[in-house]
Amino acid sequence: MRKMQLLRNLRARFKEIKTNFEYKEMKFSILFLFLLSVLNVPVLAANRGMEFQNMNAVNSADTLINISGKVTDITGAPLQGVSVVVQEQNKGTMTDDRGNYHLTGIRKSATLVFSHVGMLVKTEPVNGREVVNITLEPLPVTTDDIVVTGFFKKNKASYTGSALTFTGEQLKSVAPTNVFEALTMLTPGLTVTENNSLGSNPNAIPDILVRGVTSFANNDQTVNQPLIVRDGTIISVRDLYDMDINEIATITILKDASAAALYGARAANGVIVIERNKLTSGKMKVIYNFVGSMQFPDFSGYNLLEPKDKLEYERLAGLYTSTDHLRQQSLDSLYNVRFMDINRGVNTDWMSKPSRIGISNDHSIRLAGGAGNARYELNARFGNVEGVMKGDFRKRYGLGFALEYNTPSGFTFTNRTNLSRTAIQYSPYGSFSSYTKMNPYDRVYDDFGQFRKTLSWDMNNPLYEASLGSFSKAMTQNLSNDFDMRWRMSTRFTLTSHINFLLNGGNTEMYTSPLSGVYKNITDLSQRGSLSMTNNNGLTYSGNVVLNYNEALPKQSLLTANLGGNLNHTNNKYSSFSGIGFYADALRSINFASSYPIGGAPGGSQDLNADVAGFLNLNYLFRNRYYFDGVYQISGSSKFGANNRYSHFWSAGLGWNLHNEEFLKNDWLDIFKLRVSTGYTGKVSFAPYQALTTYRYNIDLNYLNGIGAIPITIGNPDLRWERTMNYNAGADISILKRRINLSADVYLRKTTDLVIDKTIPPSAGATIGKDNLGEIENKGIEIKLDGYVIQGKEWNWQLGANITHNRNKILKISNALKATNDRNNALNTLAPLPQFQEGESTTALKVVRSAGIDPATGKEVFIKLNGDRTFVFDPADKVVVGDLQPKVLGTFYSVLSYKRFTAATYFRFFFDQYIYNTTLASKVEGSNPMFNADYRVFDSRWKKPGDIALYRNIADQSLPYQTTRFVQKENTLTLSRFNLSYELGQQWLKKIRANKASIGVSMNDIFRLSTVQIERGTDYLFSRGFDLNLNIIF
Amino acid sequence: MRSMNFIKNISNLNTLLSTKVIMILSVAILLLSTSCNKFLDVRPEGELPEKQLLTDANGFEAALFGVYGSMNSRSLYGENLSHNATEVLAQYFVCPGNNNAVNLGAYNYGFSSVESLFQDVWSKSYSSIAYTNNVLKNLERFSPQNLEYYNIYKGEALGLRAFLHFDLVRLFCENIQLNPTASGIPYSTDFALKAPKFSRLDTVYNYIINDLLEAETLLKDDEQYLTFPKNNPSTPFLRDRETHFNLYAMQATLARVYLSKGDNVNAALYAEKVISSGKFKLQDKTEISNGISKGMIAPKEAVFGLYSNKYFSTVKDRFWLQTSFYSYDNRSNISIIYNDIQGGHDYRWDAFFKLPASQTDKLRFSKLVDPYQVNDQEYLRPADRIKGINLIRLPEMYYIAAEALLATNSEKARNYFDAVISSRGLVALKDRVPAVPLTVNMITDDRYKEFIGEGQTFFNMKRLNLNITDPLMKVIPASKAIYVVPIPKIEFDYRN
């Protein structure tokens, strides 16, 4: 009642306005109009006109009535806490525990708005009725109509950018255990870089790239990783990797400026937005998910020599010949012993020794429900992944609790607490490559069943090393708390805020047994064995506030505005120390260390930074046909000095819903949308002290009566944010009742102001400075096409494909990078080091052209730049022969379902990727004859004058020069996944008293066809196998 | 229930008092914008932006200690400019099989490791200079009124800047007396990612002299702070002034600079200022033979030296141990140089060298090796023995005075020279029968003996444009090729 009184007072006070239009709304409108006028947006006039129309409409009010009614869900159960708002009047109430509501003094022509969390909002005109009963439908987890940008949701109908959204279910139906794989399969433009050395190591976090690289990086792609946001909080790739896939409601990939500008300052590499499951009300549900997996090592890239051939290779390479008479005798007998061993049947399969069948399981259980105004969820997860190398694991533990509370006045409070822990252990067997070089004629054990410590050619037995107690393990632990508040101030305004606290900690331990071969030459027991430990802990807090404004305008027009800000503060500390002198293999704790390493000191570092941002987003949809979208963001980071601390980012987009035009209205066209967007995104990839001269104390500067501090480097106060200018144009077409859908995007991304090293004359006081000098351009096409070949009641068959083409080009580099190029160029490493050259790609492959092997000498003939042939290698003759990134890559898939069965097949392919075949360069040529090698060493190498051979003289052991002979064009087709699933029918469900249940089998990496034969998984094997997954809701 | 009420209250506010909402919002925005900068001002521990560090005495002192600490680096006085590069160039030491030493001794400046060694000297010197420039730059915001030791900080920084530039000039430029208009080096006075311009050699000299003269007035108070015998003030920064670039270090450097330039009048003037200050005394022969300055900042004699606790391990490996291809041996005729019996016994021979204890042992150069550390007897160290590196010692002032006065006042000149040699146990020239007149050669010869391992001899030979006799007694004629170390290529490569 007080409420009404105050309202009356207010009305009196603002009598001159002569309207009962709500003052509050006026004020906000004025605020927004002001902001609009600042931005010179022409929609202003339209908006103002609208307000007056409203006032006129409201002035002709009619008689008042009382209304009551009941709100239920689709099952007929009453819903408590549903907010009922009278749209034209400042009135509202909430339903009681029986779902009933009562309103007095409502105009006959009024409209009621019923809203409830997790339910679709329903608008119902009163039309003079006094009883209005309503059934609310649950909000489906759908991705069709909205785009989640992390801070707020956007209407897809008026979205101008390039974004894709998938539900957790969709991802699981592609790859039940691997979010990354599922994302690659479904998203054109997103790639997970395959790491040939790390293979299927479960403890190797994959690298993701969205629309190409935007930084110069040698091997580490972390600078090119997209930003990952979970419920408004930035998380690391590792956090996503360890996240329970069942917790994911949706994942959205934002690829261009119009979406990414919200994170402007950090979005240059794209943004991945994750939303966790929303809490739903109703009686308690128990949801259980199980994934069991069996993975088998994939040796298909390996073609090692058989014992007999290996021995022959050794002989041909001259290992058993000596000019010294006595030496020759002993070599002869050595050869004979080995020859006899082989004939006795010694053939050790070294590759199988460290590998195993990896068996993994993952359990996830959720208890969720709610009554009245409150909802809750409890979840727990345990997963244990074992790789295909013996002894390793990645164990994930999770425990979460979420609580949500709605007030009748339009507030929603949600709190989620999650505790997660990941414990990992690396395989004690070490690198797989140490097994592939073992000779098959060597036995593992001696006559007494003990490991032979030394094998042929004085090699250490890696299995002996693995049998010791050495280990390398790590643990990380996170406690994360998310608090969300949502305030529906009125039908037009919503205020949301989000606060996250993340406490993280972790440690790593690396123990080398005192019995290890590393200490072969150390006799002092107090110096043998070592344990290194690192610890880290930190606190991150972040938060955002967003004010959302929605105004439905006449003639199917809509104005949306979002004004918000966010901040982020990270503080992580690391410390490390080690102990040595472990007197026995079994003593593996730090308390058994006898001392610190001589001259060793504890280490440590700190990562402390903060950033803030404010943004305004405007979206205007005109007659459901034309729409405009604009974002402005201002970002500040602690990494800059006061001069350039803040930077501005913006994006603007236009779209046209052609399908809503009269001239295109027809039965077969559902969607025909054209959209363009442009704008800036940015990133910061340097340390704070490089912008702002910073002194660091150092114990090395201890100076008798005090301690010294010197500048870490000369700061460049003019250092600016790296910015990427994005242009995107796209079309979305759906025809025949959405049976065929096509999305196509072309883009150009120009990253300017890349912060790279600049060499300066040392007389300045430093030799390297950072400056905004580099420029990289990425352009490409992305196509997503899918269609239903069969769409029926029982049979459904969907076919789809994603195709990506990206071209990367360096526009500008600095003198320091040029100098690095020259250095990299001159080094003859196994594979060519990156060469950054203006006009070429960052991943260009540059080698010297080869004319093949001279049949007379077995030596390689090189082609100089001017075409001359020579035996002399000169790195200056290198030319770009191809790109390490494929020209075209993509996926295609088929999903066939019959009744409750679904069979899905996913293929992955890429064309025109050039690789430098390191297997050829190290296992065929350049191979050490003492190690085992690829069979081609035997077949394809030059042995005597006149041989037309692909590879050099078999006796030549030197590392081959980087030439075109080792460059191969790779076209590959992989059958990545084959999934079968079955959803249980009602009879079955009744028997197990479940509401819903499904079961499925997913096979991964079933086959791979490639034009290149290369050893895959050199340090860790690739695997193939199958997952069994089970999903039950009680 | 209470919380429900609270929430209802909020919602009342919501629906009615929109003015308040707007006010709260605007206040929040205001607060946000002002607190943003504060929120963003975060730095890891141990790292301080210059504007935060250089705001008080502690900050400036830390920054100056930082400069001294950086001069200790092995690229500079911690090794190359004290006992390694310069001394191999002066042909004191040999190390057969060590490519770096062999090529250094052959003045083969193009050899890659020699080239990179001097590139390090060049860049590290300029880094240290840049650090002093930043101190000076930040001092501009202060005055003696609001910073108690403003003058000392500024004086030390200016002095160090000149001192470091002067050593670069001596190494990388031609002899100014032969070609005053030769090209010099860049004289750096700024702290920015921009290289200073090259100046003509005589201009560089003027810059150096100007900086030193300015420092002289600023460091006036050192007359009180530096006492003989040492009586340390309580302020840490003012203690052990000989480890700082003090007033007398400044005067001594000026004497060096003037002598190099050929300005004998001023050279003598400043050398005598240091000598007559009474703050330093020549050690006597017992002190010499007791080796009280071994590996330490010479008691009584050091005008300027750098404290270093790492110097010992550097010199131990280089001179005390006998590691093949690493440790340096003395030139073969070293004994003859010191034991020229004409003037009596030179106590420096026993003090600077350790005679071989066995047949397999070699003569070791022990002048720089701290006996307390090498014998593991730290507990015996007297409180005033500071581990470190001597950069300017009093005898040099006597040599400079003697040389500068030789033409005009040979009597006085000989007295200065006699003071040094008699303190080293030799018979003074005046007292010899018959009395011997002083010559420049005598000064040069004695300097050679006095300054072994201190990085001064090569510059002295260059100043006098002397021919050099290598350990194999081959005479290398004086030339630009041996005396001028080429400026590193990288200095020119990236100049635009």
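This is a predicted model: local features need pLDDT of at least 70, side-chain atom pairs count only at pLDDT 80 or more; totals for chains, interfaces and linings use all residues.

Trainee: Why is Cys95(B) called buried?

Mentor: The term applies under 20% relative accessible area, and because Cys95(B) has a relative accessibility of 4%, it counts as buried.

Trainee: What makes Cys173(B) count as buried or exposed?

Mentor: Its relative accessible area is 1%; since buried means under 20%, Cys173(B) is therefore buried.

Trainee: How many disulfides does the structure hold?

Mentor: Over all chains the number is zero, and the label would require a pair of cysteine sulfur atoms within 2.5 Å.

Trainee: How do you know in which sense E1(A) and E4(A) pair?

Mentor: Pairing asks for at least two bridges between the strands, and strand E1 of chain A, residues 64-73, has six bridges to strand E4 of chain A, residues 100-107, so that the two pair, in the antiparallel sense. Within this pairing, Lys70(A) stands opposite Asn100(A) of E4(A).

Trainee: What makes E7(A) a partner of E1(A), and in which direction do they run?

Mentor: Strand E7 of chain A, which covers residues 134-136, is joined to E1(A) by three bridges, and the requirement is at least two, so the two strands pair, and they run parallel. Here Val71(A) stands opposite Ile134(A) in E7(A).

Trainee: What joins E11(A) to E12(A)?

Mentor: Four bridges join strand E11 of chain A, residues 190-193, to E12(A), and the two run antiparallel; with at least two bridges needed, they therefore count as paired. The bridge partner of Leu190(A) in E12(A) is Val210(A).

Trainee: Which way do the residues of E12(A) point, and are they buried or exposed?

Mentor: In this strand, residues 207-210 of chain A, Asp207(A) and Leu209(A) point one way while Ile208(A) and Val210(A) point the other way, and all are buried.

Trainee: What share of chain B counts as buried, and what is said of its contacts?

Mentor: Of the 496 residues of chain B, 58% count as buried. Among contacts in chain B with a separation of 6 or more, 70% come from residues 24 or more positions apart.

Trainee: How many positive and negative side chains does chain B have?

Mentor: Chain B has 54 positive and 52 negative side chains, and the centres of these two sets lie 4 Å apart.

Key. Residues are numbered from 1 along each chain as its sequence is written. Chains are lettered from A and ligands numbered from 1 in the order in which they are written. Side-chain values use heavy atoms; hydrogens and water are left out. Buried means under 20% relative accessible area, exposed over 50%, partly exposed in between (1.4 Å probe, protein chains only). Contact means heavy atoms within 4.5 Å. Lys and Arg count as positive and Asp and Glu as negative; His and the chain ends are not counted. The place of a charge is taken as NZ of Lys, CZ of Arg, CG of Asp or CD of Glu.
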